[in-house]
Amino acid sequence: MNSQILNQLIIKRVASLLLYKAPSSPHAYTSIVIHICRSTTENRSGILIQIVYRSVIMGSLKAVLKHPDDFYPLLKLKMAAKKAEKQIPAEPHWGFCYSMLHKVSRSFSLVIQQLNPELRDAVCIFYLVLRALDTVEDDTSIDTDIKVPILIAFHQHIYDHDWHFACGTKEYKILMDQFHHVAAAFLELKKGYQGAIEDITMRMGAGMAKFIRKEVETIDDYDEYCHYVAGLVGLGLSKLFHASGTEILFPDSMSNSMGLFLQKTNIIRDYLEDINEIPKSRMFWPREIWSKYVNKLEDLKYEENSEKAIQCLNDMVTNALVHIEDCLKYMSDLRDPAIFRFCAIPQIMAIGTLALCYNNIQVFRGVVKMRRGLTAKVIDRTRTMGDVYQAFYDFSSMLKSKVDMCDPNATTTITRIEAAQKICKDSGAINKRKSYIVKTEPSYSPALIAFLFIIMAILYAYAYANRQNKIKVTL
């Protein structure tokens, strides 16, 4: 048999075992090790070993030992990412767009792959256009007199093959420098998609321009700002879904809530990054909330204000919880399974992130986010509305367990959590699925530890053998 075909068969056999047959006993681990050993001996390229190594062992060994059931979702996610990388279109402008999408948002680039090709292209371009617009808004080094006209006219630039603007850093700078690729792809979309993207871009640019010169003072200002930068994304996506012929046109209020729930989560989580922005702080928390606790927004990051900072943080999280009912209703009315997953996964990530942030001083000290394994589980498990109800119930329960009744907003927080939990309970779908929340601290599985050490030994032997072969070739 051709060695290449043999290699592929071996990899498929072992990958199938790894992906779809989760080990429940030491015997299952042993079976996997045997297959891996065979694939290492027979398959000189060692592709599977590399995937396992990079997915789990490099930087994730401790996390996997602590949460053994993260292993398979992580591996599946890694393989899905590899597959997505290989599906980059051949045309230069589309190739640029999908490559850039993968660079600026790996999780989004994975979820978007599930949409049908026509809608996927439209959503890809919609995302990149708004990401470019956001890059202009985010760049605090651009003078206001230059920035505002660009934001207002941005919807016109998407029709211009030659337009580009130097701003942003890293991947975002490349996006802005080579924006003509995005414009070229945009002009190949159907008119219905083009119209929806242009309309949302125009409204978002105008809203961003408004808040360049206006601070977020009241809660109404906060909701208005979030509407411009995220609620309009929800409206735009609803229009694209409708234009594809797969979904009804949802009410603006529900579409808006889908965006606001995500945006408010990001604003809460990114407090420290935004307040430390150079050359100028970016402040999105409304004065109406933070002024109840400190004199200046930046005071929240100082250790002496920790108690007030926590109270302010909990106030912000409680404000975000008001959107859950609309979000659950929106998702329950979706008909297309791919669109459902596309919408549901980020919403579950948001409620999970809020649960982590609530009552957590680390929001003012560093980065708070869901671990990679839990993210992989969300992506892997989210298939039906029942999965969404279970996830929202689990994470809201986690948040509820952290509420201190001495907190100034505790009663409101509990009321909003229980309202969300009632919707989940009334669905009749919860407690029929595996929970995301581990009630007790997991112990390290001896079988898993042995399994990982064997893999490490195989890796060492494999690397050593390759090194010896290279030395022989050199000699």
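Predicted model: local features only at pLDDT ≥ 70, side-chain atom pairs only at ≥ 80, totals over all residues.
Begin with the aromatic rings, of which the structure holds 14 pairs. A pair of aromatic rings is described by the distance of the centres and the angle of the planes.

Select Tyr 159 and Phe 186, whose ring centres lie 5.0 Å apart with the planes at 85°, so that this pair is edge-to-face. Tyr 159 sits in the loop between helix H9 (144-157) and helix H10 (170-177), while Phe 186 belongs to helix H11 (residues 179-186), and the pair therefore ties together parts that are 27 residues apart in sequence. If you colour by accessibility, Tyr 159 counts as partly exposed because its relative accessibility is 35%, whereas Phe 186, at 0% relative accessibility, counts as buried.

Next, select Phe 241 and Phe 342, an aromatic pair that is also edge-to-face, with 6.1 Å from centre to centre and 90° between the planes. Here the pair links distant parts of the chain, since Phe 241 lies in helix H13 (residues 219-243) and Phe 342 in helix H19 (residues 337-357), 101 residues apart. Phe 241 has a relative accessible area of 1% and is therefore buried, and Phe 342, with a relative accessible area of 5%, is likewise buried.

For the last stop, select Phe 211, Tyr 225, Tyr 228 and Phe 284 together, because these residues form one aromatic cluster under the pairing rule that ring centres lie within 6.5 Å.

How values were computed:
Residues numbered from 1 in each chain as written. Heavy atoms only, no water. Phe/Tyr/Trp six-rings, centres within 6.5 Å; stacked < 30°, edge-to-face > 60°. Helix = DSSP H or I, 4+ residues; strand = E, 2+ residues; numbered from the N terminus. Buried < 20%, exposed > 50% of the residue type's maximum accessible area, 1.4 Å probe, protein only.
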